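Keep the structure in view while reading.

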Amino acid sequence: MSDEKKADIRDERAVKQSVEQASSEILDMLAVRGKVTQSGAVTVPCSSYPEEEQVHRVRHPWSVYGVSAAELERAMDRLRAHLPAKGWKIVKDGPDKSQAKLPQIVANSSDGHVSADLRLWREPADSERSSMIEVTVVSDCFRSKLDGTAGTG
């Protein structure tokens, strides 16, 4: 017995495009000349709904690395300034719940359909691993339009 609202029916390609657009916008706001992991947006089941309801969300995880921790910290500061200026609402800005207490920013898009979770991983100077900002952009839960129905053209 759930009092959750029903997931909207939306075009999966359009949702995927909006998530990838949000990722691109965030990368522009970071304004760092680091390396970026290449991964596309993927559709995953929405865990808060029974599987048979076929409700999903689009998830796009990526990270930027290969620059100093100090530069990445400045990039996080840029996000704090630019996200609200671009209509995003920052709903969390502080340490995450991990043992490492990573600096985390969580923001929601102005239409409420997309969220971004941004975490700064600082590696010690003598570490072989690079510091990075881990970004996960996700859509809200939705049902796909059914294939072969009217209104596809």
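S63 sits in strand β4. In this predicted model, S63 is buried, with a relative accessible area of 8%. Which residues touch S63 once neighbours within four places in sequence are left aside? They are K35, V36, T37, M132, I133, E134 and V135. Of the elements named there, β2 spans residues 35-36, and β8 covers 132-139.

**Confidence**

The chain has an average pLDDT of 89, and 92% of the residues score at least 70. Residues 148-153 fall below 50, and this stretch makes zero contacts in the model beyond near neighbours in sequence. Where pLDDT is low, predicted coordinates should not be read in detail.

**Cores**

Nonpolar side chains in soluble globular proteins tend to be buried together. Here the largest nonpolar core holds 28 residues. I26, L30, L79, L83, W88, I133 and V137 have the most contacts inside it. Two or more residues come from each of α1, β4, α2, β6, β7 and β8. The largest share is that of α1, with six residues. Another core lies apart from this one and has five residues, including A7, C46, Y49 and V55.

Neighbours within four places aside, V137 contacts V19, A22, S23 and I26, among others. Its list also includes V58, R59, H60 and W62. V114, S115 and A116 complete the set.

**Helix α2**

Helix α2 runs over residues 69-85, 17 residues in total. From first C-alpha to last it reaches 24 Å, close to the 24 Å expected at 1.5 Å a residue. The helix bends by about 25 degrees at L79. L79 is also among the residues with the most contacts inside the largest core.

Which residues of α2 are buried? They are A69, E71, L72, A75, M76, L79 and L83. Their cover includes α1 (12-30) and the strands β4 (55-65), β5 (89-95), β6 (103-108), β7 (114-121) and β8 (132-139). After the helix comes G87, whose phi is positive, near 95 degrees.

Most residues other than glycine have a negative phi.

| Residue | Phi | Loop | Relative accessible area |
|---|---|---|---|
| Q54 | about 50 degrees | between β3 and β4 | 56% |

**The disulfide**

How many disulfides does a search of the whole structure find? The search finds one. It joins C46 to C141, with an S to S distance of 1.6 Å. C46 lies in the loop between β3 and β4, and C141 in the loop between β8 and β9 (142-144), so the pair ties together parts that are 95 residues apart in sequence. Both cysteines, C46 and C141, are buried. C46 is also one of the five residues in the separate nonpolar core.

Terms used
Residues numbered from 1 in each chain as written. Predicted model: local features only at pLDDT ≥ 70, side-chain atom pairs only at ≥ 80, totals over all residues. Heavy atoms only, no water. Helix = DSSP H or I, 4+ residues; strand = E, 2+ residues; numbered from the N terminus. Expected span 1.5 Å × (residues − 1). Bend = angle between axes of the 7 residues up to and from the residue. Buried < 20%, exposed > 50% of the residue type's maximum accessible area, 1.4 Å probe, protein only. Contact = heavy atoms within 4.5 Å. pLDDT = per-residue confidence, 0-100. Core = buried A, V, L, I, M, F, W, Y, C linked by side-chain atoms within 4.5 Å. Disulfide = S-S within 2.5 Å.
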